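The stops below are given in selection order.

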Amino acid sequence: MKIEIDSGSGFCNGVVSAICKAEAELDSTGLLYCLGDIVHNSDEVERLRKRGLVTITHDDLSRLRGVKVLLRAHGEPPSTYRQASENDIEIIDATCPVVLHLQKRIKEAYALRRPDQQIVIYGKLGHAEVNGLVGQTDGTAIVVEDIDGLSQLDYSRDIILYSQTTKSINGLQEMIKEIERRKSPDTEFRYYDTICRQVANRVPRLREFAAGHDLILFVSGKKSSNGKILYGECRDVNPRTHLISNPAEIDPRWLDGITSIGICGATSTPRWLMEDVKDYVTRLCDDNG
């Protein structure tokens with residue numbers, strides 16, 4: 001049996017930086033609060049919880065005083081920073097530089113906008129990154145998740161389109177084409193490809209990896225938007241692709257008649273978890289051998 005882990009899978013740079021910052025503080029003090037799950041992977045969140053990382057909500061933040069709080073790679077709206085300042089909370093800012101740059105671009109566009117312009121964000125409604133982006137516009141940006149969401153727009157007014165950094169390039173292109181088709185001839189439509197290429201560039205390699213194995217085990221947390229996208233790409237080229245959170249979710253029957261297994265994951269999937277999956281599958285194969 002050939003069992004291979006995709007070398008390109010696992011944490012992106014933004015997640016690596018956030019976890020390194022959390023671990024450095026935990027090594028020093030043994031306690032750190034994190035606003036939301038530091039990464040959309042329950043196994044990694046649990047690992048860090050055991051080291052002293054306490055996950056909190058925005059309601060919790062409003063009640064805390066004089067503590068240290070880590071802002072994860074997804075970023076936060078300006079209101080979060082104001083709340084922290086009012087409560088004498090020290091922020092450890094782990095916002096991904098790509099997200100931070102996008103926040104600044106949207107904030108500047110909002111400040112310079114004309115009354116007839118609509119700022120639109122292609123992304124997942126309620127996602128932490130998207131909440132941070134919408135916050136740069138005092139909550140006025142319109143979030144569209146798919147083509148159906150475009151019905152919210154007023155096509156007699158100008159449109160400025162941005163994208164959540166982890167959306168698919170193809171999805172963004174579909175949005176652009178559909179807006180161009182619907183908009184009035186005399187309105188202005190500006191769009192910006194703000195998708196992170198470190199994430200987007202994984203797709204071609206991942207599709208090649210998935211096509212090269214009999215079976216794919218895609219390891220990802222259930223909350224990961226990026227995981228859903230990349231899992232879909234794998235399944236598109238290899239129907240024998242299974243989405244799992246950890247080794248316990250593997251059905252041994254999947255391995256029947258299989259000679260090659262590929263293991264891959266999302267930008268929020270830790271390498272150690274994919275290694276655990278490989279070890280588990282190896283033991284299953286040895287037991288059946």
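Start by selecting Arg72, Gly126, His127, Ala128 and Asn131, which lie nearest the centre of the second largest pocket, among its 14 lining residues. A pocket is an open set of points on a 1 Å grid over the protein atoms alone, where a 1.4 Å probe fits, with protein on both sides within 12 Å along at least five of seven lines; lining residues have an atom within 4 Å of a point. The volume of this second largest pocket is about 160 Å³, taken as the space filled by probe spheres set on the points. Its lining divides into 3 nonpolar, 7 polar and 4 charged residues, with Gly counted as polar.

This is a predicted model, in which local features need pLDDT of at least 70, side-chain atom pairs count only at pLDDT 80 or more, and totals for linings use all residues. Numbering runs from 1 along each chain as its sequence is written, and side-chain values use heavy atoms, without hydrogens and water.

Next, go to the largest pocket, at about 340 Å³. Select Cys12, Val15, His74, Thr166 and Thr267, the closest to its centre of 24 lining residues. Then colour α1 (13–29), α5 (97–112), α8 (197–200) and α10 (225–237), the elements giving two or more residues to that lining; helices here are DSSP runs of H or I, at least four residues, numbered from the N terminus. With 3 residues, α1 gives the most. By class, the lining has 10 nonpolar, 13 polar and 1 charged residues.
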